[in-house]
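Work through the exercises below with the sequence and the coordinates at hand, and try each task before reading its solution.

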Amino acid sequence: MSDAIFSAREVTIRFGGLVALDRVDIDVAAGEILAVIGPNGAGKSTLFNVITGIYAPSGGRVRFDGEDITGWQTHDIVMRGISRTFQASRLFSDLSVLDNVVIGLHTRTTTNVFEALCLPSRSRRELTWAAATATEILKRVGGDLYDRRYRRASELAQADRRRLEIARALAAKPKLLLLDEPTAGMDDRDTDALIEDIRRIKADRPEFAIIVVEHDMRLVASLPSRVVVLDYGRKIADAPFDVVRRDPRVQEAYLGQTEP
Amino acid sequence: MRARLLVAVTSLAVAAFLWAFMVANGVVPLVALLALLGGAFWAFERYPRIETAVIDSFRRARWTAAAIWILVILGFPFLFGQNAYYIHLLVMCLIYSVLGIALNFQLGSANIPNFATGATYGIGAYCSALLALNWGWSFWLTLPFAALAATVFGFVLGLPSMRTRDSYLALVTIACGVIIHQLLNNFEWTGGAQGLIGIPAPALFGYSFAQPLRVFGLTLPFQTHFYYLALVLIALAVVVARRLHHSRIGLAWNALRADEVAARSVGINVVWYKVLAFAVDAFLAAFAGVLYAFYITYIAPDNFTFLVSVTLMTMVIVGGMDNIVGVIVGAFLLTLLPEKLRVFSDYRLLFYGVVVIAFLMIRPQGLLPQRLRSYGPS
C-alpha cells in the first residue's frame with residue numbers, strides 16, 4: 001500500500017523460545033481505523049509494545065510517516081506522532097486530571113532546564129498555554145473530566161479513567177493513535193459512549209489514523225473499516241469485518257467461541 | 001482582614017513554637033512541645049476544614065504573610081542574644097534544609113532513591129576547601145566551581161540510571177556514596193581521615209565573617225553572619241525548586257514518579273530527566289557543602305557519610321515529598337530533635353529508622369503533603 005502512513009513488515013519478536021509475533025505485516029492508511037483482534041496471548045499487546053518502541057523487534061522493519069522507526073526510543077516515536085493508551089489504565093494517579101493532560105502536551109512544549117531557571121516568565125507562559133489547551137481537550141472529550149479537572153486522577157470512575165487516557169494521548173496531536181482494549185471493564189452504556197467519543201474525534205480530524213486492540217465485537221463491528229486477526233503471533237486474516245467474521249479460520253480461532 | 005489575622009496568628013505561632021523548641025531544656029517541656037505539634041497535625045488530619053482555611057488565607061493574604069515571615073526570619077537570631085549555640089543550630093537547620101530541597105528533586109519529585117546526596121555534599125565541601133587552601137581562592141569564587149564539579153559528578157552518578165532502577169539504583173547510589181567516602185579517607189591530597197583544617201572564613205569587601213556581628217548597638221555571635229548567608233542560599237534553593245516544579249520539567253519528574261512506562265509513552269525522555277534530577281541535586285548539595293566547609297573551617301570524611309544521606313531521606317519523608325515547606329519543616333525537626341535528645345545519641349540511627357517506619361505507616365505523605373498544582377487566577 002503506497003499511501004500507508006504506517007507499515008510493519010515481517011515484524012517478529014521472540015522471548016527466548018516463544019515466538020510472540022511471527023512475520024506480521026500491517027499497513028494503516030491515513031484516516032483509517034484498524035482493529036486488531038485475536039484470542040488472549042495472540043500477540044496484540046506485544047504488537048503495540050513493538051510499535052511504540054517498548055520492545056525492539058527481533059526481526060522486520062517498522063515504518064511510519066516516511067521514516068524507518070525500527071528500534072527507536074519510545075519518546076522519539078511519540079515525538080514523531082504515535083500515541084497510545086494502555087490496557088490496564090496507567091494514569092499519573094497522584095496528579096490532577098488536568099495535569100495528566102498537561103503532561104500529555106510534553107512533546108509540544110520546549111522549556112529546558114536553563115530556560116525554566118533563568119526565564120521564569122517564558123516557562124510560566126508556556127505552562128499557562130498548556131493548561132488552557134488541556135482544559136479545551138478535557139471539555140471536548142466529555143464525561144465528567146472537565147468538572148473534575150482539579151481532582152486527583154485516582155478519584156475517577158473507570159469509564160472516565162479511560163477517557164482521560166485517550167485525552168492524554170490526544171494531547172500530543174498524534175497522527176496515529178493506538179488504543180489497547182479501550183472498553184475493558186466497561187458496561188454497555190459506557191462502551192456506546194466511548195464509540196461516540198471515537199467517532200467525534202475522527203470527525204474533528206479526518207486524517208487521523210487509529211489502531212485499536214479490542215475484545216468487544218460491538219465496538220469492532222460499529223467502528224473500524226478493517227480488521228486484522230492475530231492468532232499465536234501470526235496474522236491469519238486482514239479484511240473488512242463482514243468478510244473476517246465469515247472466515248472459517250477466524251471463527252475457529254476466535255469468533256467460534258462467541259458465535260457458535 | 002480575617003485572612004490576614006489568621007496568617008499572622010499562624011505564622012507567629014509557628015515562630016514561637018520553633019523558638020520554644022530550640023530553648024526547651026529537659027524531657028518534660030520537650031515532650032509537651034512534641035505533643036502540641038502532634039495535636040496540631042492530628043487536628044489538621046481530623047478536621048480538613050482547618051487546613052483548608054489556613055492554606056487559603058495564606059494564598060489570599062500573600063503579602064502579609066511574606067512581610068511577617070521576612071521580619072521573623074531576619075529578626076530570629078536576636079531572640080537568642082549572645083548564645084552562639086542556638087545560632088549554630090539554626091545554621092545547621094538551614095544547611096540541612098538546602099540539602100533536603102536538593103534531595104527532594106529526586107526522592108520527592110521523581111521518586112528516585114538517591115543515597116549519595118551525602119557524597120555530593122562532601123564533594124562540594126572538599127572542592128571549595130581545596131581551592132581555598134591550595135590556591136587561596138575566596139569563598140565566592142569557589143562556590144560556582146564546587147557546584148560545577150559536583151554537578152558533573154551528579155551526571156556521572158545519574159548514568160547508571162539508564163540501566164538500573166528502583167532498589168538496584170538505590171544500591172548503585174549507596175555504593176557511590178561509600179566509594180567517595182573511602183576515597184576522601186585514603187587520598188593524601190584530601191588530608192586523609194584528618195581531613196582539611198584551617199579553611200579561611202569568607203569575607204565581603206574586606207569585612208570578615210569571623211568577627212562578631214554588631215548592629216543596632218547589639219553584638220551577636222559571628223555565627224549570625226552564616227545564618228544570613230545560609231538564608232541567601234536557601235532562598236536560592238527555594239527559587240530553583242519552585243521554578244523547576246512549576247515548569248514542564250517538574251511535571252515530567254512527577255510523571256516519572258507516578259508511572260515510568262506511561263511517562264515514556266507521552267514522550268518523556270526518562271533517562272535524561274533522571275540524570276537531570278541527579279545533576280540538580282548535586283548542584284544544590286554542593287552549595288550547602290561549600291557553606292558548611294567555610295562555616296566549620298574544618299572538614300573530614302566522616303562529615304559526609306552514608307548516615308548523612310539516610311538523615312536527609314528521613315527529613316524529606318517526614319516533611320512531605322515534593323512540598324518545599326514540608327521539606328524545610330522536616331529538616332528543622334530532625335536537626336533539632338537529635339540535639340535535644342543528646343542523651344540518646346548512641347541510638348541516633350535507630351531513632352531515624354523508627355521515625356521513617358512510623359511515618360510510612362501513619363502518614364506516608366509526610367507532615368505537609370504535596371499539593372495539586374493550580375493554574376492561573378481561577
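**Exercise 1.** Determine how many residue pairs are in polar contact between chain B and chain A, and which elements of chain B contribute to the side that touches chain A.

Solution. Counting pairs of N or O atoms within 3.5 Å, where one must be able to donate a hydrogen and the other to accept it, and where residues adjacent in sequence count only if both atoms are side-chain atoms, one finds seven residue pairs between chain B and chain A, with both residues at pLDDT 80 or more. Two or more residues on this side of chain B come from each of helix 9 (223-245), helix 10 (248-258), helix 11 (260-265) and helix 12 (270-296), helices being DSSP runs of H or I with at least four residues, numbered from the N terminus. Helix 10 of chain B gives the most, with eight residues.

The model is predicted, so that local features need pLDDT of at least 70 and side-chain atom pairs count only at 80 or more, whereas totals for chains, interfaces and linings use all residues. Residues are numbered from 1 along each chain as its sequence is written, chains are lettered from A and ligands numbered from 1 in the order in which they are written, and side-chain values use heavy atoms, with hydrogens and water left out.

**Exercise 2.** State how many salt bridges join chain B and chain A.

Solution. With a side-chain nitrogen of Lys or Arg required within 4 Å of a carboxyl oxygen of Asp or Glu, the count is three. One of them joins B:Arg373 to A:Asp99, whose closest N and O atoms are 3.7 Å apart.

**Exercise 3.** Find how many residues each chain brings to the contact.

Solution. Taking heavy atoms within 4.5 Å as contact, chain B brings 30 residues and chain A brings 36 residues.
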